[in-house]
Amino acid sequence: MSVSSWRATLRIARRDALRAKGRSALIVAMIAVPVLGMSAADVTWRSVQLDTDEVISRSMGRADALVSDTAERGNSQNGNRSVAIRQDPTGDEWRPADANGEFPPAGSGQAEAEPTEPPPRDPTSMIPGVTEKLVDRSTFGAVSTAHGRTDVRIRELDYTSPIAKGMVVQRAGRAPRAPDEVVVTEELRRSAGYRVGGTLTEKTTNKTFRIVGTIVLPSRLREHLVMAAPGALIDEMHARPGAIRVFGMDNFTLIRVQGGMPWSKVSAANRQGLLIRSAAVLRDPPARADWTFDSPRQWADSRALRLGGIGLGLGLLEMILLAGPAFAVGARRKRRELGLIGVAGGGRRHIGAVVLGGGLVLGVVGAVLGTAVGLGVAAAIRTRIAERSGALSGRYDVRAPELLGIGAVGVTVGVLAALVPAYLASREDIAASLTGRRGVRRGSRVLPLIGAAVTALGVGVALFGADRADDTIIIAGVVAAELGLVACCPALIGATARLGRFLPLTPRLALRDAARSRPRSAPAMAAVMAAVAGSVVIAVVWSSENADERNKYHPNARENHVLIGFPGRIPMSGIPGETGVSAAQAEDVRQAVERILPDAKGGVLGTVGAPCTGAGRCVTYRPEKLPEARCPARSGEDGQRWRDDPRCRLETRSQNGFFQSVVGDASLLRMLTGADDPRAVEVLSRGGVVLFEDGYVGPDGMVEVKAQETFVVTGPVRPSSPNRVPADAPGVRLPAVAVRGPFGLSGMFASPEAARVLGAAVEPAGLVYDAGRSPSDVQKQRLEDQVAKVSEQSFVFVERGFQPTSDARMLLLAVFALVITVGASGVATGLALADAQKDLATLGAVGAPPSVRRRLSAFQSGVIALLGTALGLAAGVLAGVVVRRGQKSALWDAMPADAKSRLHAPELVIPWTRMGLALIVLPILAALLAALLTRSRAVVRSRTG
């Protein structure tokens with residue numbers, strides 16, 4: 001065809017689109033909906049994925065490097081001495097260099113001195129060419145709130161300095177200028193009931209500060225943080241004898257260096273024990289051979305790439321299936337106009353070109369409209385994405401080449417979808433086109449067999465690719481399986497129509513019309529199937545990954561339980577001067593707990609020990625292992641046998657890290673450990689003890705409990721060192737039983753009678769309560785305030801259970817799938833109504849009331865949506881299983897055996913409840929939409945034949 005012919009063809013297509021605005025709008029929507037979703041997903045995905053400059057800005061502002069001294073983190077087992085390290089280019093992961101032999105440990109070849117507290121080092125003095133520096137320090141503390149008190153992170157940083165620009169975002173007020181001014185994060189402000197202009201008190205120093213503003217940390221929106229001016233608070237907190245040194249302190253320094261910090265300078269600093277995050281290295285990382293060591297981050301990157309590849313493949317397939325029914329119905333509606341072109345002398349290629357031109361015109365309109373609306377949607381959901389993911393998105397990242405590519409895909413799909421209707425229209429008999437006769441078309445008997453074979457082949461290919469973790473093979477298999485199901489759609493509609501004989505008039509007419517109009521109903525059903533399948537894949541992967549995260553979560557207590565711990569006379573931290581909590585003080589705390597949590601049930605736990613002497617000697621009691629269960633002495637000759645001996649392995653079962661040997665009754669035992677064993681109740685009633693590890697209880701049901709000395713160092717803070725008494729020292733034999741509980745104790749759970757037999761002093765160790773439901777932030781702050789009145793070293797812990805986090809990328813995919821599902825169902829319903837107007841007019845002509853026409857439209861759309869949803873659920877589950885199997889092959893099967901022993905295998909979780917709800921809700925919505933869009937009065941149409 002000549003250029004002038006194509007110009008005329010496109011002009012006819014444009015005029016036809018304007019003449020049939022309703023039908024054209026549906027076709028445009030078919031193309032625009034997936035383009036909208038993909039455009040919004042592309043912009044949001046790019047915005048969520050921070051570029052290098054954004055990562056640098058958030059972590060180190062405009063500095064050349066962020067420096068920390070690993071000696072302060074205790075990277076050597078010989079005290080906090082400088083040890084050479086190796087790090088990755090990001091500065092997130094590091095390990096001592098002597099672990100792989102690249103750098104010798106500092107001071108090698110010299111006599112080892114007794115470990116002493118080293119003087120603090122200035123890391124910037126070991127880096128040549130530093131021209132500017134800014135210290136960033138943080139620690140943990142407790143502050144007053146409007147409701148009580150709460151634990152927070154306290155940080156000192158002058159974020160108004162140009163070198164720190166981008167690290168903190170000011171939301172309200174201003175930055176602190178005076179030593180008595182602070183700002184708080186927005187999350188802490190909401191939780192604690194603060195207001196700008198109000199005050200808070202730091203509990204270690206009892207200093208009061210005025211709140212002059214609120215901030216957010218771009219990558220940690222949920223952090224509870226108090227930001228003070230440099231030197232305003234942390235030094236005074238740590239100057240207090242035995243203060244929060246146990247929590248440690250993070251010291252970082254932002255520096256600017258002449259010539260920047262390339263990898264060569266970073267390696268030199270690593271030899272001094274310095275960990276560096278360098279802007280130059282982040283922008284230009286070194287070769288992997290210079291730093292590679294196993295990193296768990298590689299598994300996450302593999303998962304993201306796999307999921308993105310599967311999502312892209314399903315997205316393209318959905319676009320094709322959504323556009324197909326649109327042009328098929330459009331071609332059927334234009335049969336008379338196309339016949340007139342033939343009567344006027346147009347050839348078959350001219351008729352086909354008009355249909356193809358319609359695909360091009362409507363494809364361009366749909367692509368442009370979808371892209372424009374997608375940009376708006378991406379801008380509108382930025383705040384919601386940040387709230388769910390806990391991090392601000394990066395800059396609004398619009399990449400024109402990618403959006404043009406998405407639009408081009410939409411146009412291409414429109415043209416390709418119009419190819420088959422164009423070919424069929426060009427082969428149509430002109431007389432039949434003018435009369436509008438359709439006849440009854442029987443479905444092919446071969447096509448369903450081919451479809452079933454292709455589906456089975458696609459499933460096999462997808463599973464083959466999943467076992468080999470090959471994204472290309474997986475996508476090819478999933479697409480082939482779905483295309484096979486598409487080929488089976490006409491046969492499934494025909495089989496369903498046979499059920500019409502058992503139904504009333506209206507649903508019988510709907511089923512028979514669906515079977516008679518398979519060229520329209522089958523593509524519409526396939527469109528719904530593809531959309532639902534995409535949503536189900538996301539739901540399966542999301543649910544399964546949440547299950548994986550849940551399996552990784554290690555709770556410290558039973559869910560919705562509150563643990564309150566008191567400082568004992570044998571502090572594990574070595575803090576001197578602790579005097580414990582009296583029984584009267586513990587009773588006051590118990591009354592406060594039951595006042596704040598009126599529905600809670602629990603009580604006071606005791607601890608088994610003896611008063612410490614003035615010389616720093618304390619005594620506690622420990623059960624003794626049976627001789628045959630003890631780990632043999634380790635020697636060089638039998639080192640491997642020692643590692644393989646099960647008696648030398650540490651218990652990997654979950655243990656409560658807040659208490660050791662405690663005293664209580666059976667109800668407190670169940671609350672604290674979750675152990676509900678009748679044998680434990682019986683042993684406690686006989687004055688015995690309950691243990692949570694094997695190898696202690698003898699055949700006679702007795703255990704030997706011995707005293708154990710612990711020396712508390714009163715000089716520099718140093719962990720207390722237990723000194724076991726001689727093996728032949730006398731012990732006390734008590735009734736005992738070993739039970740299994742979710743939260744065991746490292747010592748024993750003793751009855752009050754057992755403590756009396758031991759001659760031990762029972763002091764309050766803490767409280768355990770079942771709150772029934774998770775306490776609110778306000779209740780927890782009130783509890784912390786009441787407990788702190790007894791001892792500053794007490795703690796309040798609330799086990800809220802696993803709290804799933806929202807990955808912004810998964811949330812984005814879910815939103816995209818939901819948009820596609822709803823859009824496909826609605827537009828497919830509209831197309832079915834557009835194609836059924838003649839049938840509705842016929843019903844009106846024979847006297848059918850409006851209710852019949854409405855019910856017929858509802859059943860027609862409901863049948864298409866029901867069949868498409870059911871088939872989509874099956875296809876989605878299949879694709880989800882394949883994706884999870886591929887993830888398992890990529891992550892789990894490649895892990896070493898020792899790593900597998902510490903982890904939980906990936907699970908496959910299928911959300912059956914949500915799937916059942918979709919199977920009910922989507923067809924009902926489609927039917928209601930069709931009923932609402934159907935005109936009540938009869939429409940008189942001119943005869944066409």
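Is arginine 756 buried or exposed? Arginine 756 is exposed, because its relative accessible area is 56%. Here buried means under 20% relative accessible area, exposed means over 50%, and partly exposed lies in between (1.4 Å probe, protein chains only). This is a predicted model, in which local features need pLDDT of at least 70 and side-chain atom pairs count only at pLDDT 80 or more, while totals for chains, interfaces and linings use all residues. Residues are numbered from 1 along each chain as its sequence is written, and side-chain values use heavy atoms, with hydrogens and water left out.

Stay with arginine 756 for a moment. Its side chain forms a salt bridge with glutamate 753, and the closest N and O atoms are 2.4 Å apart. A salt bridge is a side-chain nitrogen of Lys or Arg within 4 Å of a carboxyl oxygen of Asp or Glu. Both residues lie in helix H22 (residues 752-758), 3 residues apart, about one turn of the helix. An α-helix has 3.6 residues a turn, so residues three or four places apart point the same way. Glutamate 753 counts as partly exposed, because its relative accessibility is 35%.

Now the whole chain. It has 945 residues, and 48% of them are buried. The secondary structure comes to 28 helices and 23 strands. Helices (H or I, at least four residues) and strands (E, at least two) are DSSP runs, numbered from the N terminus. Contact means heavy atoms within 4.5 Å. Among contacts between residues at least 6 apart in sequence, 80% join residues at least 24 apart. The chain exposes about 44,600 Å², and carbon and sulfur atoms supply 57% of that area. Accessible areas come from the Shrake-Rupley method with a 1.4 Å probe; for residues, only the protein chains shown count as cover.

Next, the interior. A nonpolar core is a set of buried Ala, Val, Leu, Ile, Met, Phe, Trp, Tyr and Cys residues joined through side-chain atoms within 4.5 Å. The largest nonpolar core has 22 residues, and Phe659, Leu672, Val690, Phe692 and Phe749 have the most contacts inside it. Helix H20 (666-673), helix H21 (678-685) and strand E22 (761-770) are the elements that give two or more residues to this core. H20 supplies the largest share, 5 residues. Look at phenylalanine 749. Leaving aside neighbours within four places in sequence, its contacts include Leu605, Leu668, Leu669, Leu672, Leu684, Val690 and Phe692. A second, separate core has 21 residues, among them Val168, Ala175, Leu217 and Leu254.

Helix H16 (residues 505-516) has buried residues too: Thr506, Pro507, Ala510, Leu511, Asp513, Ala514 and Ala515. The helix has 12 residues and reaches 16 Å from its first C-alpha to its last, close to the 16 Å expected at 1.5 Å a residue. The expected span is 1.5 Å times one less than the number of residues.

The surface has a nonpolar patch of about 700 Å², made by Leu866, Leu917, Leu919, Ile920, Val921, Ile924, Leu925 and Leu928. Patches are made of residues with over 30% relative accessible area and no salt bridge: like charges are joined within 9 Å, nonpolar side chains (Val, Leu, Ile, Met, Phe, Trp, Tyr) within 5 Å. Helix H28 (residues 912-933) gives the most to this patch, with 7 residues. Isoleucine 924 is in H28. This residue counts as partly exposed because its relative accessibility is 45%.

Back to charged pairs. The count comes to 31 salt bridges. Glutamate 181 and arginine 174 form one of them (2.8 Å, N to O). Glutamate 181 is buried, with a relative accessible area of 7%, whereas arginine 174 is partly exposed at 24%. Aspartate 677 pairs with arginine 679, with the closest N and O atoms 3.0 Å apart. Aspartate 677 counts as buried at 18% relative accessibility, and arginine 679 as partly exposed at 44%. Asp51, Arg395, Asp397 and Arg399 are linked in a network of salt bridges.

Finally, two loop residues. Most residues other than glycine have a negative phi. Asparagine 206 has a positive phi, near 60°. Asparagine 206 sits in the loop between strand E8 (199-202) and strand E9 (207-216), and is exposed, with a relative accessible area of 56%. Asparagine 560 also has a positive phi, near 65°. Its loop runs between helix H17 (518-552) and strand E13 (561-565). Asparagine 560 counts as buried, because its relative accessibility is 16%.
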